[in-house]
Every structure is written in C-alpha cells, then in structure tokens.
Amino acid sequence: MRRALTLTPAPSLALLLALLVGGCASADRSPGLAFLRSGEFAAGRAHFERQAVEEPRDAALEYNEAGVMALLENDVPGAQRYFRMAFDDLEDLSSTTGETVKTFLGSADSRRWKGEPYERCMNAYYLGVTYWLRGDDDNAAASFKSGVLRDADSEEGAAQSDFALLWFLMGQAQRSAFHSDRGQAALKQAHELRPDNPWTAPEKAETGNVLLLLETGLGPKREAVGRHGADVRFRKNPGGSAGAIVRLGETLVGRTAPIGDIYKQATTRGEKVIDRISGGKAVFKDAAVIGGAVVLANSGSGRSDVIGVALLAAGLLASAQTDLRYWATLPDDVHILLADLPEGAHRLSLQGISVTGNPIQGMRWDVPVVVHPGRITLVWTRALPGNRGVAAAAR
Amino acid sequence: MVPQHSARSLALVCLIALVALPACSGASMKRVDPSADDELGGTLIDSADVIAATESAGDDLARVLLASSRNDLVVAFSTIKNESIQPFNTALLTDRMRNSLVRKTSPRVKYLAREHIDEILRERQGKREGVYVGKETKGLLGADFLLTGRINSLSKRFEGDRADYFQLNFQLVDAEDSTIVWTDSYEFKKVGDAGVIYQ
C-alpha cells in the first residue's frame with residue numbers, strides 16, 4: 001500500500017532553514033581596507049604578506065594588495081616584485097584534476113584565486129605602472145598590452161577589450177619607448193572608447209611629456225546574492241573625488257578626466273563557468289534537502305532513514321555560495337592628464353574636486369616631478385578615502 | 001573476501017580524502033633541463049626559447065664575424081626592444097649572446113661593456129689622479145657594429161583559449177653608416193587553454 005506523501009516537523013524545519021539560507025554575503029576584506037583608510041601602509045603590507053603565506057591559494061590576491069600598499073609607501077621596486085609575482089600567477093590559468101573536482105564538490109573559493117578579468121587587468125595595469133616608474137617603458141607597454149588581452153579573455157561582444165585606460169597607457173608607453181607605430185593604433189582605440197575624455201583626443205594624446213595618473217575612490221565590492229548566495233553582485237563604493245585641478249605654481253595645467261571606470265569593468269564581466277557550477281550546486285542543495293526530507297517523512301525502514309539523512313546532510317553541507325574573494329584596495333576610477341613641462345624638477349599641485357566641480361576643502365597635495373629628455377614622465381598619485389592625496393614617485 | 005559494498009565505501013572514502021585533504025607533502029625540488037619544455041606549460045617565452053634563439057643566432061653570428069679578414073672588429077651590445085605582450089628582461093638574450101660570442105670569437109673580435117661605462121670612467125679617473133696605480137693608459141674604443149634586436153608578438157584570446165606567436169629578432173648594424181649587415185630570427189607559436197574552473 002502506498003503511503004501518503006507527508007512531511008514531519010523536524011525535516012520540515014530543516015528544509016525551511018535550508019531553503020531560507022541565501023540573502024547576501026561578502027568576504028571580509030576590512031582589515032586590509034582599514035590600513036588603507038588610516039594610512040598605515042607599512043602595516044597593511046605586512047598584513048597582506050602574512051595572509052599570502054597563511055593561505056597560499058590566495059597568494060596572487062594578497063600580493064596585489066601588498067603591491068598597492070608598497071606603491072603608496074613609494075617603494076616602487078617592492079611594489080613591482082609583488083605585482084610581478086601576482087602577474088605570473090595570474091598568467092597560469094591551468095587547473096589540476098584535484099582542484100577542479102574540489103571546486104565542483106566543495107566551495108568555490110577552494111580553487112586558487114585568479115581574479116575576475118577586471119582584476120587581472122588591474123594587475124597588468126599596476127605592473128606596467130611600476131615598470132614605467134622605474135624607467136622601463138618597453139616592459140610597461142608589454143604589461144599594458146597583456147592587460148588588454150586579459151580583458152579580451154573572457155568577456156563577450158561590445159565589452160571585449162573595452163578597457164580604455166589600458167589602451168591609452170599602452171599607447172603612451174609605446175610612444176615613450178619609440179615602438180614601431182609610436183602607439184598610434186592604441187591611442188586611436190582609447191579615443192574611440194572614451195571620446196568624452198579630452199586627453200584622448202589625438203591633438204592632446206600625441207603631445208606632452210608628462211602623463212599624470214590619479215586614482216580615486218575605492219573599487220567595487222563583491223557580494224553573493226540569490227539562492228544560497230550562488231550569484232555574484234558588484235556594489236559600487238560611494239565617495240571619492242571626481243578628479244583634480246592641476247597647477248604648476250600659479251599656472252593652470254588642466255583638469256584630470258576619468259578613463260578607467262573599474263565598476264563598469266567589473267559588471268561587464270560576462271558569465272563564467274564557475275557561475276554555472278555555483279548555480280548547479282544551489283539547485284542540488286534544494287533538491288537534496290527536499291528529497292531527503294521527503295524520504296525521511298515517508299521512510300519505512302532504517303535503510304530509507306540513512307538515505308534520507310544522507311541526502312539532507314549533503315544538501316545542508318554543500319556550499320553553493322559563489323567565490324567572495326576580491327581585490328578590495330583597487331580604486332573606483334583612474335583619471336588622466338597630459339602636460340608639456342620643461343626638463344628638470346617641478347612640483348605639481350593637485351586640488352581635489354567634487355562631482356559638482358567644486359574644490360574639496362583640505363584636499364590639496366603636491367607631487368614632485370622630474371622631467372627627463374626624450375621620454376614621457378609618468379606621475380602616479382592616489383586620492384584616498386578621507387580626501388587625502390598620496391603622491392608616489394614620478395619618473 | 002571483502003563485501004562489494006564495503007569495497008565501494010572504501011573507494012568512496014579514499015576519493016573524498018584525496019579531494020578534500022590539502023596537500024601535506026613537503027616542498028619538492030627537481031632539477032630540469034632548461035632547454036626542454038617543462039610541465040607548467042604557458043604560451044609565452046620561456047627558458048627553452050631563450051636558449052634556442054641565442055644558440056642559433058650566436059653560432060651564426062660567430063661564423064660571420066670570424067669570416068671577416070679583419071682582426072680588430074669591435075662590437076657593442078645595444079638594447080633589445082621588447083614590443084611583445086610579455087614583460088621580459090631582455091638581458092637574458094643579450095647576456096647569452098655575449099657569452100656565446102666572447103667564447104667563440106675573442107680575442108679576434110672585441111666586445112664593449114657599455115653598461116659599465118660609468119664605473120670604468122670613475123676607475124680611469126682614479127688612476128689618472130693617482131688614487132689607484134695604473135699600468136697603462138688606453139683610449140675608450142668606439143664600436144664598429146651594434147648588436148641589437150626586437151621582440152614582437154601577435155596574440156589571440158577566446159573564452160580561455162589562447163594563441164601566442166613570438167618573433168625574437170637579432171641584428172648587427174654598422175655603427176658608422178647604419179646598414180644592417182646580419183640578421184637572425186627565432187619564432188614560435190604556442191597555444192593553450194584555461195582550466196574549466198577559470199574560464
């Protein structure tokens with residue numbers, strides 16, 4: 001005789017709990033961000049170095065974070081070592097059978113961190129910046145070019161290779177290094193992608209001997225949403241300045257203009273295989289819990305009980321949550337400005353401005369620049385949360 | 001005899017242990033042949049390419065230089081331009097070429113260490129000023145030829161698949177009239193793909 005399909009209270013409660021689990025979660029990257037906010041860059045660097053040793057599968061992520069801290073400390077060779085280690089790690093996208101099986105059966109963050117395409121691009125960006133700051137324009141261009149390819153790696157359609165920042169920097173580094181076409185093709189692409197940015201216009205992009213990069217705000221935060229947290233969402237971090245007005249003494253040099261919207265790059269990533277794996281595991285979790293509860297509720301033997309409990313346990317224990325690791329110290333945007341300065345030492349003054357274009361009170365800082373003959377001098381600086389400007393070496 | 005279901009359970013436990021347990025073996029080291037492909041793969045320039053490119057070019061250039069009737073040729077090493085997608089230390093190529101050429105053609109051909117010119121000038125000054133004892137004074141040699149080169153690449157990416165074509169070009173340029181008197185090229189194309197969990 002067939003028994004009626006019923007649900008008893010205990011399995012029903014477990015079923016309810018399991019189905020309710022979901023909502024929203026994100027990886028805790030706050031300790032590192034706290035060092036960035038407080039300006040304790042050396043302590044932040046030590047923190048990320050420790051993390052890299054303690055959790056080798058996240059090494060590339062932690063090296064990138066440590067690299068940002070080292071750059072903020074104005075230790076360009078140190079920053080380059082971190083970015084280079086991360087770069088080499090991110091170039092290798094192979095996976096072992098064990099790693100693949102573990103990712104399918106376990107949590108998504110059990111695999112080595114390779115970042116999203118925008119994070120891989122930003123690693124190439126920073127590596128290029130550090131090469132340039134050390135006077136190696138050739139390898140700076142190679143790094144930016146590699147970043148453009150990383151952008152093409154997994155996106156689709158119009159979003160493919162649309163990282164105007166990298167095209168622009170590639171063109172400028174090629175111009176500085178006297179490569180075959182002096183960067184014209186790359187600069188043309190940057191202008192097509194960001195015609196709204198006045199510094200990409202050919203009459204400006206192909207002149208000037210000083211390129212200023214200003215990073216503003218904090219990059220997007222990665223969150224898990226949807227059933228069992230299987231879906232990824234990027235949340236834009238509020239705040240940050242809208243660029244800066246740049247002066248040389250009392251002379252106005254110009255106003256920086258944005259070219260590297262990191263949030264946009266993060267949200268045009270396209271679907272990944274890992275998303276489908278997490279989605280599949282979310283379906284499995286629900287199916288296993290429901291199946292286990294049904295089997296238990298209608299069990300007529302010890303063997304059925306074991307199967308029911310096993311299914312329920314598998315459903316409850318399986319992790320469908322997406323990978324929450326993300327590069328937290330990235331900026332929200334990168335601004336550019338080109339200037340033509342005489343050879344020798346100068347000090348550029350930057351005044352941070354709000355989205356309405358008004359000067360931000362107290363957000364003013366100087367950047368030392370030494371202009372060398374025959375090449376483009378790169379100036380890298382960052383406007384940190386709390387409206388503080390930090391200048392790094394310029395070369 | 002082990003019951004069939006027990007054997008299955010044992011196999012399952014072993015599989016889970018294999019997958020779930022972190023690697024707990026110690027660090028390993030194995031010396032490998034730098035001129036052979038390694039197990040790590042990758043589609044960019046690696047040690048095998050550096051060795052293959054410089055061996056072939058070094059042999060050929062040494063032959064050309066030794067075929068000259070002159071015994072006073074002077075060669076300086078100029079920068080090899082990297083216009084590829086790979087951040088790369090081009091001194092890996094220059095140093096290997098220099099080692100090969102010095103070994104095969106010195107002393108008939110002289111090679112200049114221009115990257116040390118500042119130290120050399122300081123040393124000369126010290127000797128001229130009597131800080132150091134110098135045995136003889138010589139003039140700094142100018143180069144008859146510059147050995148230079150360029151790395152180019154062409155790449156494609158699609159959903160984790162990648163293809164990279166590289167050219168490693170060497171040139172010997174007359175330092176007086178800028179004519180190219182010798183060239184050599186090493187090229188390769190490698191394809192690879194990403195693991196499914198990174199696509």
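In the predicted model, chain B holds an open sheet of 5 strands in the order β2-β1-β3-β4-β5, with mixed pairing. Strands (E, at least two residues) and helices (H or I, at least four) are DSSP runs, numbered from the N terminus. Two strands count as paired if DSSP finds at least two bridges between them. β2 (109–112) and β5 (180–192) of chain B stand at the edges; each has a single partner strand, so one side of each lacks a neighbour in the sheet. From one strand to the next, the twist averages 20 degrees. Within this sheet, β3(B) pairs with β4(B) (residues 161–174) in the antiparallel sense over 14 bridges. Thr148(B) has Gln171(B) of β4(B) as its bridge partner.

Local features of this predicted model need pLDDT of at least 70 and side-chain atom pairs count only at pLDDT 80 or more, while totals for chains, interfaces and linings use all residues. Residues are numbered from 1 along each chain as its sequence is written, and chains are lettered from A and ligands numbered from 1 in the order in which they are written.

Helix α2(B) lies across β1, β2, β4 and β5 of chain B and runs at about 165 degrees to β5(B). Angles run from 0 to 180 degrees between N-to-C directions; axes are lines fitted to C-alpha atoms, for helices over the stretch in contact. α2 (residues 47–66) also packs against α3 (residues 91–105) of chain B, at an angle of about 40 degrees and with the axes 9 Å apart. The contact includes Val50(B), Ala53(B) and Leu61(B) of α2(B), and Leu92(B), Arg96(B) and Met97(B) of α3(B). Residues are in contact if their C-beta atoms, placed from the backbone, lie within 7 Å. By class, the residues of this helix contact are 11 nonpolar, 4 polar and 2 charged. Ala, Val, Leu, Ile, Met, Phe, Trp, Tyr, Cys and Pro count as nonpolar, Asp, Glu, Lys and Arg as charged, and the others, Gly among them, as polar.

Between the chains, 23 residues of chain B are in contact with 31 residues of chain A. α1 (4–20), β1 (73–83) and β3 (145–158) of chain B each supply at least two residues to the side that touches chain A. β1(B) gives the most, with 3 residues. This side of chain B has 10 nonpolar, 9 polar and 4 charged residues.

In chain A, 4 strands form an open antiparallel sheet in the order β5-β4-β8-β9. Neighbouring strands of this sheet are turned by 25 degrees against each other on average, direction ignored. β8 (residues 344–353) and β9 of chain A pair over 9 bridges.

Conventions: Two residues are in contact if their C-beta atoms, placed from the backbone, lie within 7 Å.
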